[in-house]
Amino acid sequence: MSADTTSPERGQSFAPGATIGILGGGQLGRMTALAAARLGFRTHVFCPDHDSPAAQVTAVSTVAAYDDEEALAAFADDVDVVTFEFENIPDTTAEFLAAHKPTRPKPHILHIAQQRLREKDFLASIGVPVTRYQAVADVAALHGAVAAMGRPCILKSAQFGYDGKGQVRIAGDTDLREAWRRMGGTLGILEAEVDFALEASVIIARGIDGETALYPPVENRHRNHILDETIAPATLAPSTVASAEGIARQIAQELGLVGLLAVELFITRKGDVLVNELAPRPHNSGHWTVDACVTSQFEQFVRAVCGLPLGSTAPHSAAVMKNLIGDDVDRWRDVLADPGAKLHLYGKAEARPGRKMGHVTRLKPIS
Ligand SMILES: Nc1ncnc2c1ncn2[C@@H]1O[C@H](COP(=O)(O)OP(=O)(O)OP(=O)(O)O)[C@@H](O)[C@H]1O
Ligand SMILES: [Mg+2]
């Protein structure tokens, strides 16, 4: 089966047997490839690293740089539809592929989501509440911005941050020159610190015909700026759930999303909902869906990207998902011995500190 290369995006759908091209080789790509295989799809993983978690579970993979046009052309030739498991793909790569094959989500969505200032500007432009923020281009600008914003606030690199990397909290006594250096000394965004009651996220899928399906909002607890635990579903007032879901629907529609979108949220003590950031792909806070929902986030992602009807997002259990970070993974034997635990490991050889090595999901009856 091969797609018509002259009409890259015409709402085409792809049946089992087609090949999904996945840019990126991390655990999100790995679990997507596994879900795709279960539905009878082939996957082809494109990743610059050897022995990536996703390449380990797919029959076909390409190890090449994201700007290697020869490798990208061969990849585009082999696949029917292209998607991404992370958003830090160069614009030129996404556009090159989109010119050859249907690429979902569209490159402009990656462009927005891969830069925090663009992302916040987009959210503000459609009236979605976000914390106060300001662009900062150098130390002098940082001094002015902190004076205007007030402390505490958070300085983040505008691009390439994940798991809290490139972020510095500016407290009463923080030296700004030092903060600028620790952030990476590149274009930054200064954000007012949100005194949140809890952090939550909503994952929404949107199909080629605009159909949407949402997973219930979950609570996310961080440790050392890395997601530690997801509690599903979150305990929230019905009105808070309704506004979180409304925001997710609005964003997905405004973006013209085809695929999956995770919306990270701050819930204030008054129950107000602010958007922290967006991820147009499967998300760590959706891993619980693999063991606890009729359709996992990864299967849903495959369905959306292939233009198939979306599946039921209904949970059959409540769940707590815990990440195994760095040496935590050494506990795998204990986890296996726990009858209530489901172990997921990502095939990463080296357990560096802060590295996500796997996760454990514990199910409990819905109360
Ligand atoms: N403005 C803010 N106010 C309060 N806490 C914040 C703020 N920005 C970030 N944080 C805290 O830092 C965490 C990581 O921030 P953010 O999501 O922006 O970065 P990230 O590096 O992309 O993280 P991840 O990859 O885990 O999503 C947030 O989940 C939250 O706990
Ligand atoms: Mg985040």
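Predicted model: local features only at pLDDT ≥ 70, side-chain atom pairs only at ≥ 80, totals over all residues.

1. The magnesium ion (ligand 2) is coordinated by the OE atoms of Glu-264 and Glu-277, at 2.0 to 2.1 Å. These two residues lie 13 residues apart and link distant parts of the chain, with Glu-264 in strand S13 (residues 259–268) and Glu-277 in strand S14 (residues 273–279). Because its relative accessibility is 15%, and the cut-off for burial is under 20%, Glu-264 counts as buried.

2. The largest nonpolar core has 32 residues, of which Ile-20, Phe-41, Val-81, Trp-288, Val-302 and Cys-306 touch the most other members. Helix H10 (residues 297–305) gives the most to this core, contributing 4 residues. A second, separate core holds 28 residues, among them Ile-112, Leu-123, Val-128 and Leu-236.

3. Once its neighbours within four places in sequence are left aside, Val-81 is in contact with Phe-14, Thr-19, Ile-20 and Gly-21, with Pro-102 and Arg-104, and with Val-305 and Cys-306.

4. How do the axes of helix H1 (residues 27–38) and H10 cross? They come within 8 Å of each other at an angle of roughly 70 degrees, and since 65 to 115 degrees is the range for that class, H1 and H10 are therefore roughly perpendicular. The crossing of these two helices, H1 and H10, is right-handed.

5. On the H1 side of this pair, Leu-28, Met-31, Thr-32, Ala-35, Ala-36 and Arg-38 meet Phe-298, Glu-299, Phe-301 and Val-302 of H10.

Conventions. Residues numbered from 1 in each chain as written. Chains lettered and ligands numbered in written order. Heavy atoms only, no water. Donors = N, O, S within 2.8 Å, 3.2 Å for Na, K, Ca; no water. Buried < 20%, exposed > 50% of the residue type's maximum accessible area, 1.4 Å probe, protein only. Core = buried A, V, L, I, M, F, W, Y, C linked by side-chain atoms within 4.5 Å. Contact = heavy atoms within 4.5 Å. Axes fitted to C-alpha atoms, helices over the stretch in contact; angles between N-to-C directions. Parallel < 35°, antiparallel > 145°, perpendicular 65-115°, else oblique. Left-handed = near helix turned anticlockwise from the far one by under 90°.
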